[in-house]
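Let's take a friendly tour of a protein model and the molecule it holds. Have the picture ready and follow along.

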Amino acid sequence: MCGIVGYISNKEKLKLAKFMTMIKSLDYRGYDSWGVSHLSDKINLIKEIGKIENTDLPGESNLILGHTRWATHGGVTKENAHPHLSNDKNISLVHNGIIENYQELKSKLDGFNFSGQTDSEVLTNYIQSKLTEDTLSSFAQILPDLKGTYAIGFLKRGENKIYFARKDSPLVLGIGKDEKILSSDVTSFFDRTKTVIYLEDGDYGYIEGNSVKIFNSGEEVERKKSTITWDIDKARKGEFEHFMLKEISEQVDVINQVLIQDSKNISSIVNDLKTKNIFMVACGTSYNAALAAEYEFLKQGIMPKVIRAHEFRSYSKFVDKNSIVLAISQSGETIDLIDALKSIKNSGAEIVSIVNVQGSTLDRMSDKRIYMNVGPEICVLSTKSYTASVSILMLLAGCITDTYETSKANLTEIIRQIYYLTSENSRKYTKELSQLLRYTKHLFTIGRKRDYPTAMEAALKIKEVSYIHAEGFAGGQIKHGPIAMIENGTPCIVFVSNKNNSEILSNAQELKSRGAFIIGVSDKNHDVFDFWIKVIGPDKYSPILRTIPIQILAYYLAVLKGLDPDKPRNLAKSVTVK
Ligand code: F6R
């Protein structure tokens, strides 16, 4: 959460308006306030609450630091927005993460004034109180005093440098010829340079226009330079009004993108899946993707344990050298997942990640990885990365009994369906449904077997973007409690499989008898439906196919309600705090 950008050049000054677009590209990480500081003979500071609406900031500088915030400590106020200025006005600092012992640090800052409530403002002044003429060494000595997580960037009046440090929060360096960029994510700079250094935990140092110095545990270290392969157009909205709709539409390419794999890597992972105990760990939508694939593994005679990453620590003692842990994450930075994997560091288990962001913390922690290859996902909601995760997991599960080639060929069969589901005609039809549901307060989704995770994912999409209370249940679950919520007209989305569907249709009937408005998602229209969304395709791939119309429904519900689907309230794309 929170986006950091620091820019330094020893040649050209950068227009602040351009810098603002760099900060704005990170606002998926947090968008309740933003700020920019730049150095002339003094530190100039601009801060605002709310999203960045207008990037047109006048002026230019060759040393700029900016931040877009997702509030943890302290409310959404200008005072709590970053960058923070030290009491002596010599240091400007941005921070992502949580300094857990900030109260203890604050108690050591006698005589300092604080205008806000954040741990980051305390950190800024703590640094002021400890900094000597030798900025780097004194900064290194301060770092062990900090408990918690941090990505820090700061500039100091009189110095042409941006200092940084990283612990459990992402931080990367963009390496241009005469300019260097410090950032939470490559998205902010990959139109300026494609050369990147991913910092490691414990790294600290500084950037200048023409040099980079990185240290760890008191020693200078060399970090590998990598090249970003993402296509810049993927990070632009193009003809679409929102990234969400663009990314939903891009799902037509997902199958071909995820199939760009090294077959040797896949077969060595599949061999381990056949012989080891499988744990699947993830959060949110990535967790729903794992749940969906679980059914395919069960069908192949293998029982994986699927665990939400934030609950994983209670299970970690069961993970050993005979275990393979599939870690699924779009961002590769979700702290709950990283923390879960840290808990099994010495277990001897093999960590295999299914990850979109190359070079992310998860990528670097993994023994083996399978990239989603779907390019940047900018909308806070996961859509194309969900389809990618499910596809990869289904590919792996398929390879347990089939060859890689057959498993691949099976997946490609659904491309035509995805094309149809994301087409303008299908979207138009779903838009009509969104008009009907626009004033709904509560909505339920149900499915059985593979469609139980589909119901969970559908409910998650609807609630997070439209703020309609939506809950997903297994069809068999409703009579054990949830059916009490059904009133006349309560919308219920029912995912009906092509085969063996008598039980889910009975569940739909049970809901309808209590007054529910039944929206069926299935290959055929059934009498019990009040509204039908047609989805053809094998049941096996229903978690992908039947989810897509609901992603579209969620999108139109948000748009109809005048909400920004790309940035729902209170959420951030990359959840790097616990
Ligand atoms: C929902 C959503 C979140 C993420 C979750 C995990 O649309 O985006 O639930 O799925 O925060 O994120 P990653 O996959 O980056 O680990």
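## Before we start

This is a predicted model, so local features are reported only at pLDDT of at least 70 and side-chain atom pairs only at pLDDT 80 or more, while totals for chains, interfaces and linings use all residues. Residues are numbered from 1 along each chain as its sequence is written, and side-chain values use heavy atoms, leaving out hydrogens and water.

## Who surrounds the ligand?

The ligand has 14 residues around it, and S286, S329, S331, T334 and E464 come nearest. Being "near" here is about having a heavy atom within 4 Å. Sorted by class, that shell holds eight polar, four nonpolar and two charged residues. In this sorting, Ala, Val, Leu, Ile, Met, Phe, Trp, Tyr, Cys and Pro are nonpolar, Asp, Glu, Lys and Arg are charged, and the others, Gly among them, are polar.

Where do the shell residues come from? Domain 2 (231-412) and domain 3 (423-578) each give at least three, with domain bounds taken from an automatic or database assignment. Helix 8 (284-299) and helix 15 (451-466) each supply at least two, and helix 8 gives the most, with three residues. Helices (H or I, at least four residues) and strands (E, at least two) are DSSP runs, numbered from the N terminus.

## Polar contacts and cover

Now look for polar contacts, meaning pairs of N or O atoms within 3.5 Å. A polar side-chain atom of T334 is 2.5 Å from a ligand oxygen, and one of S382 is 2.8 Å from a ligand oxygen. The protein covers 91% of the 400 Å² of accessible area that the ligand has on its own, by the Shrake-Rupley method with a 1.4 Å probe.

Most residues other than glycine have a negative phi, and most peptide bonds are trans. Now for the exceptions. The H82 to P83 peptide bond is cis, with omega near -5°, and P83 belongs to the loop between strand 6 (63-69) and strand 7 (84-85).

K89 is not a glycine, yet its phi is positive, near 65°; look for K89 in the loop between strand 7 and strand 8 (91-99). Y467, also not a glycine, has a positive phi of about 65°, and Y467 is in the loop between helix 15 and strand 24 (469-474).

Key:
A polar contact is a pair of N or O atoms within 3.5 Å; within protein, one must be able to donate a hydrogen and the other to accept it, and residues adjacent in sequence count only if both atoms are side-chain atoms.
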